[in-house]
Amino acid sequence: MPLLLLPTRSLPLNRRQALLGAAGALALPMSIWPASAAQPPAPELWPRDLAVPGGVARLSLGPAPARPLAQAGALPLLVLGDVIEWTALVGIALSAAPGTASITVKAADGGAPRQLAYRVAPKQYSEQRLKVSPKTVDLSPADNARYEREREHQASVMATFTEPMPLAASLRMQVPVPGRRSSSFGLRRIFNGQARNPHSGMDIAAATGTPIVAPLPGRVIDTGDYFFNGNTVWLDHGGGLLTMYCHLSAIDVNPGDTLQTGQRLGAVGATGRVTGPHLHWGVMLNRTMVDPALFIEA
Ligand code: ZN
C-alpha cells in the first residue's frame with residue numbers, strides 16, 4: 001500500500017478517513033473506551049513531547065499496517081496512532097541520565113527488531129532541604145515491615161499492561177480535582193541531610209471531601225490504605241498508562257470498576273504521611289512516574 005508512505009501532514013482529512021476506514025479492523029475496542037472509536041485521531045497527540053528526566057518522549061515509528069511493538073529495555077511501551085503513523089510514548093525516569101537513549105521496535109508480524117535512538121535533555125529540578133524530627137524520617141521496625149510489604153504489592157500493580165486504547169483515543173486528561181496545582185513534580189527532597197525519592201506526582205490543594213474524578217476512561221486496578229500514600233486508588237488506562245490518587249478521605253470505587261472521564265472515584269483527604277489535605281496525583285507510563293502536567297492543558 002504505497003499510499004501509506006505519504007507524510008501524515010500532507011494527507012487531506014477525507015483521504016485520511018478513507019485510509020482509516022480501510023484499516024478499521026485494526027481497532028481494538030475495549031469496554032472502557034467510548035464507542036465512537038472509529039474517527040480519525042485528534043490532530044494534537046497528548047501528552048506533550050518533553051524528552052527530559054520525568055518527561056515523555058514521543059517517538060514516531062512511521063506507517064505500518066498494524067500497531068508495532070515497542071520496548072524500553074524489557075518494558076513494553078504505549079504505542080498509539082494508526083496505519084499512517086504510529087507513535088511510541090516513552091516515560092523517562094526522573095533518575096535517567098541526560099544523553100542518548102533508545103527503544104526497540106518490532107513489526108506486529110515479527111521480523112528483525114530495530115533500535116530507535118532519542119535524546120534526553122538535562123533538566124534541573126529544584127531542591128528542598130528540611131530539618132524534621134528524626135521520628136518522621138526513621139521508620140519503626142513494624143512500620144518498615146509494613147512499607148516493604150506494600151512496596152511489593154505496589155510493584156505488582158505498577159506492572160499492569162493491558163490492551164492499548166483504540167485508534168482515535170485522546171490522552172488529554174481532565175484535571176481530577178479543581179484547585180491550586182503545585183509545580184513540585186521532580187522536587188528533590190533532603191530531610192536531615194538524607195536524600196529521599198524526588199516528588200513524583202502533582203499535588204493539588206483542595207478541601208477534604210472535594211470529589212476526585214477520572215481524567216480519562218479507565219479501569220480500577222487497586223484500592224487500599226497505604227503507609228505513606230494513605231487511601232489510594234489506581235486506574236489503568238491501557239498500554240501501561242496508569243494514574244494514581246493518594247491521601248483520599250473516601251474511596252468510592254472497587255477494583256474491576258470501569259470509569260468514564262469525569263466519573264467520581266473518591267474524595268480529597270489527608271490520610272497517610274501528609275501535613276494537610278490535598279490530592280497527590282501520579283501518572284505512570286512504562287512503570288515510570290512522569291509529570292502529569294504534560295497530559296493536561298497548561
Ligand atoms: Zn505529592
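This is a predicted model: local features need pLDDT of at least 70, side-chain atom pairs count only at pLDDT 80 or more; totals for chains, interfaces and linings use all residues.
# Reading features around Asp203 and beyond

User: Thanks! With the side chain of which other residue does the side chain of Asp203 make a polar contact at 3.3 Å?

Analyst: With the side chain of His199. Asp203 itself sits in strand β12 (residues 202–205). Helices (H or I, at least four residues) and strands (E, at least two) are DSSP runs, numbered from the N terminus.

User: Which residues coordinate the zinc ion?

Analyst: To read a metal site, look for its donors: N, O and S atoms within 2.8 Å of the metal (3.2 Å for Na, K and Ca); water is not among the atoms, so sites may look incomplete. Here His199 (NE2), Asp203 (OD) and His280 (ND1) coordinate the zinc ion at 2.1 Å. Along the chain, these donors follow the spacing H-x3-D-x76-H.

User: Are His199 and Asp203 buried or exposed?

Analyst: Buried means under 20% relative accessible area, exposed over 50%, and partly exposed in between (1.4 Å probe, protein chains only). Both His199 and Asp203 are buried.

User: How many aromatic pairs does the structure hold?

Analyst: A pair of aromatic rings is described by the distance of the centres and the angle of the planes. Rings of Phe, Tyr and Trp (its six-membered ring) pair if their centres lie within 6.5 Å; planes under 30 degrees apart count as stacked, over 60 as edge-to-face and the rest as tilted. The structure holds three such pairs. In one of them, the ring centres of Tyr125 and Phe185 are 6.2 Å apart and the planes stand at 75 degrees, so this pair is edge-to-face. Tyr125 lies in the loop between β7 (110–120) and β8 (127–130), and Phe185 in the loop between β9 (180–181) and β10 (188–191), so the pair ties together parts that are 60 residues apart in sequence. Tyr125 is buried at 12% relative accessible area, and Phe185 is buried at 6%.

User: How are the rings of Tyr147 and Phe228 arranged?

Analyst: Tyr147 and Phe228 are edge-to-face, 5.1 Å centre to centre with 90 degrees between the planes. Tyr147 belongs to helix α3 (residues 141–158) and Phe228 to the loop between β14 (218–226) and β15 (230–236), so their pair ties together parts 81 residues apart in sequence. Tyr147 is partly exposed at 23%, as is Phe228 at 29%. Together with Phe227, Tyr147 and Phe228 form one aromatic cluster.

User: Now the strands. How many bridges join β1 to β5?

Analyst: Strands of a sheet pair through backbone hydrogen bonds, either parallel or antiparallel. Two strands pair if DSSP finds at least two bridges between them. Six bridges join β1 (residues 56–62) to β5, and these strands run antiparallel; the partner of Ser60 in β5 is Thr87. Strand β4 (residues 78–81) is also antiparallel to β5, over four bridges, with Val79 partnered by Ala88. A hairpin of four residues joins β4 to β5. In β5 (residues 86–91), six of six residues are buried. Trp86, Ala88 and Val90 point one way, and Thr87, Leu89 and Gly91 the other.

User: In what order do the three strands of the open sheet stand?

Analyst: The order is β8-β10-β11, with mixed pairing. β8 and β11 (194–195) are at the edges with a single partner strand each, so one side of each has no neighbour in the sheet. β8 and β10 pair in the parallel sense over four bridges, and the partner of Glu127 in β10 is Arg188.

Key: Residues are numbered from 1 along each chain as its sequence is written. Side-chain values use heavy atoms; hydrogens and water are left out. A polar contact is a pair of N or O atoms within 3.5 Å; within protein, one must be able to donate a hydrogen and the other to accept it, and residues adjacent in sequence count only if both atoms are side-chain atoms.
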